Amino acid sequence: MQVQFWGTRGSLPVSLNAEQLRQRLLSVLEKAAHAPAGTLDTAVGRAGFVDSLPFAMRGTYGGQTPCVELRGKDDATLICDLGSGARGLGNAKLARFGPGQPQTYHIFISHLHWDHLMGLPFFGPLYIPGNRLVIHGCHAELEAAVRLQMSAPGFPVDFSLVQGQVEFRLLETGRAYDIAGFRVEAMRQTHGGDSYGYRFEQDGKCFVYATDSEHKLDQEEQWAACIEFFREADLIAFDAMYSLSEMVSVKADWGHSSNMIGVELALAAGARRLALFHHDPLNDDASLDRLLEDSRRFEAMSRSRRPPLEVISAHDGLTVQL
Amino acid sequence: MELEAVVHPKANLVMVRGRIDHGSSMTFSELLHPHLEKCKKGNPPLILNFSGVDYISSAGLRALMIATRFARNQGGRLGIAEFQPLVREVFGISRFDLVIPCFDTLEAALGELA
């Protein structure tokens, strides 16, 4: 099972601006000026120098909104959410398969807020005859919301004009589904208008997609249910949008969680890897690097005698093999 | 989880001992409440000595957030002092050190709050 992140930012897309890029170039050149003599004389040396830089200096977490691809055996493709990251995913699929090899895409929508749907009109395979998109979700308004965003005056191409075959399937919590060779379960989460997390299992591996979810610290039943949903997952994509102090104070009831809650839940569930996800658009790359380091420290402090939990931070383009 | 009031001329000083996690945060809140009720306008500040606290989780931090609000609403002053290094680090990671007055020493807390 392989997980690829195409969009990891929450709420709305962001990108580096010219001044941020300039500052980054200056900081890299400053480092280069102090590199040992000869380090930068060869292509291999220069590549090694770049790879030695902190992630926030040599890369970027990216700014596309949520879209995660899950590939299983038989090359089955599942997609979690259709944020703006779906554009890149669609382009990659078109580049690989072209119009001559129709594909089926099983898409799981966490909820109907626009940052999780805005990529569909730009998902190339939608317009190719023969492709089949099966859009799964737990909201009764799923189909209406998708049709609404592809209608005048919000978008120039009406949903009725797409040439791929689109189906909508409503899922229920509390039961398991067999979809494209995966065992799939949904869990209702605390978020404005509700959101749903999904647990995918195949051949003993498990990926949990749990974004846009606020974990109230005084809701014991919800806390326990979440631990059960995360139980022994190989990877959890977790809404780590806010610091804990923000989450329980000024941004309480905004429907999002924090890195510390993610570490606590994942440790309690015996999960193997936690991916910080749904990054706050206010956080730049350096802030996200610090958040990751903080999260790893907190995991080490909180682990006690439990097996280690690997904490990573999702970025656009990251691929994780389970 | 244990709280012990210590006589002090300038503050309501409370020694806190143990772990404040999901299992004990409720007890911590209950034990803290009588001290919080005295943390009001005109009274000495409530200072929690955390030298005996060896771990605090998100639930414990939330309990402290609620306590801080309670004290503020009464016009009282509340601070935490004498952290173990790991616990102090958790306050930084959670950014709670930006919303709850934190002090390295009791003297520093008294200097600011008393």
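A crossing of two helices is left-handed if the near helix is turned anticlockwise from the far one by less than a right angle, and right-handed if clockwise. The crossing of α8(A) and α9(A) is right-handed. Both belong to a predicted model, in which local features need pLDDT of at least 70, side-chain atom pairs count only at pLDDT 80 or more, and totals for chains, interfaces and linings use all residues. Residues are numbered from 1 along each chain as its sequence is written, while chains are lettered from A and ligands numbered from 1 in the order in which they are written.

The axes of α8(A) and α9(A) come within 9 Å and cross at roughly 40°. Axes are lines fitted to C-alpha atoms, for helices over the stretch in contact, with angles from 0 to 180 degrees between N-to-C directions. The two helices are therefore oblique to each other (under 35 degrees is roughly parallel, over 145 roughly antiparallel, 65 to 115 roughly perpendicular, the rest oblique). Residues in this contact include A:Met260 and A:Leu267 of α8(A) and A:Leu291 and A:Phe298 of α9(A).

Between the chains, 14 residues of chain A are in contact with 15 residues of chain B (C-beta atoms, placed from the backbone, within 7 Å). On the side of chain A, α7 (244–248), α8 (259–269) and α9 (285–302) each give two or more residues.

Chain B has 4 helices and 5 strands. Helices (H or I, at least four residues) and strands (E, at least two) are DSSP runs, numbered from the N terminus. Their order from the N terminus is β-β-α-β-α-β-α-β-α. The C-alpha atoms of chain B fill a box of roughly 35 × 25 × 25 Å along the principal axes.

Terms used
Contact = placed C-beta atoms within 7 Å.
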